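Trainee: Hi! Could you walk me through this structure? I'm new to this.
Mentor: Happy to, let's look at it together.
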Amino acid sequence: GGPKPLAGRTAIVTSGPTHEPIDPVRYIANRSSGRQGHAIAAALAKLGADVTLVSGPVTISDPAGVKTVHVERADEMLEAVVSRLPADIAVMVAAVADWRVATSAGQKIKKKSGEPPPPLVLAENPDILKTVGHHDKRPKLVVGFAAETQDVEKNGRDKLLRKGADLIVANDVSPETGIMGGTRNRVKIISAKGVEEWPDLGKDEVAARLANLIAGRLAGA
Ligand code: C5P
């Protein structure tokens, strides 16, 4: 039931963390649960969009009505997203690891008594949102997130420009907010038009509102 303003539109959504291997049994990760990204994928589908969700490793289930592709590393996530362009809508919600281990070991790194711990040398990961925002096949609407612990609005505005996004959903993920890994979210929507502050809402409600906002923007395009 309900109106389908996104019927005939395609969307790609990223969600969850990425896992960057140190060796075959260890990895670097973050506290993203995938709840917000998965909810957005479901909300876009509910409005009629044909949605592909590219998810990092999460414990929550694949949303109904959405095609879900599972990846682990940032480079796999980038490939999964770019290979699915063109699309009308891209919503990059994943908490992609900024760095990967430069050379992950092919075998489990052994602890040897008397030897110092091994150094972890990091390399920068590709920026998926930035790649999509500046792509030849750039979607009509590109949405990014800005999880910050300070200067949320300023960092959000910077991100809008640098990443080539139309909208940035900015939130404060300081530990005391309980947002990262939690079920609620309090966001600011940053666009060229200015800033809109939304109240504290469940992540499903944030997703529903964002899907409606996206549908409204595309209706005029
Ligand atoms: O720069 P920062 O990581 O704060 O930007 C967050 C936004 O960029 C989110 O939308 C996130 O999904 C996206 N991002 C990405 N690839 C990265 C880093 C961030 O798509 N390597």
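Mentor: One term to begin with: two residues are in contact if their C-beta atoms, placed from the backbone, lie within 7 Å. Also keep in mind that this is a predicted model.
Trainee: Okay! Which residues does V13 touch, then?
Mentor: Not counting residues up to four places away in sequence, V13 touches G37, I40, A41, L44, V51, L53, V91 and V93.
Trainee: And how many residues are in the largest nonpolar core?
Mentor: That core has 56 residues. V13 is one of those with the most contacts inside it, along with I40, L44, M92 and V143.
Trainee: Which helix gives the largest share of this core?
Mentor: Helix α1, residues 35-46, which contributes seven residues. As a general point, nonpolar side chains tend to be buried together in soluble globular proteins.
Trainee: Switching to the ligand: which residues are closest to it?
Mentor: M92, V96, I128, L129 and G144 are the closest, out of 15 residues that surround the ligand. Two elements, α3 (128-133) and β9 (141-148), each give two or more residues to that shell.
Trainee: Which element gives the most?
Mentor: β9 does, with three residues.
Trainee: And what kinds of residues make up the shell?
Mentor: There are 10 nonpolar, three polar and two charged residues around the ligand.
Trainee: New topic! Where is D151?
Mentor: D151 sits in the loop between β9 and α4 (152-163). D151 has a positive phi of about 45 degrees, although it is not a glycine. For background, most residues other than glycine have a negative phi.
Trainee: Is D151 buried or exposed?
Mentor: D151 counts as exposed because it has 12 C-beta neighbours inside 10 Å, and the cut-off for exposed is 12 or fewer.
Trainee: What about L201, why does that one count as partly exposed?
Mentor: Because L201 has 15 C-beta neighbours inside 10 Å. L201 is found in strand β14, residues 201-202.
Trainee: What is L201 in contact with?
Mentor: Leaving aside neighbours within four places in sequence, L201 is in contact with R184, N185 and V206.

Technical notes. Residues are numbered from 1 along each chain as its sequence is written. This is a predicted model: local features need pLDDT of at least 70, side-chain atom pairs count only at pLDDT 80 or more; totals for chains, interfaces and linings use all residues. A residue is near a molecule or strand if its C-beta atom, placed from the backbone, lies within 6 Å of it. Helices (H or I, at least four residues) and strands (E, at least two) are DSSP runs, numbered from the N terminus. Ala, Val, Leu, Ile, Met, Phe, Trp, Tyr, Cys and Pro count as nonpolar, Asp, Glu, Lys and Arg as charged, and the others, Gly among them, as polar. A residue is buried if 20 or more other C-beta atoms lie within 10 Å of its own, exposed if 12 or fewer, and partly exposed in between; C-beta atoms are placed from the backbone. A nonpolar core is a set of buried Ala, Val, Leu, Ile, Met, Phe, Trp, Tyr and Cys residues joined through C-beta atoms within 7 Å.
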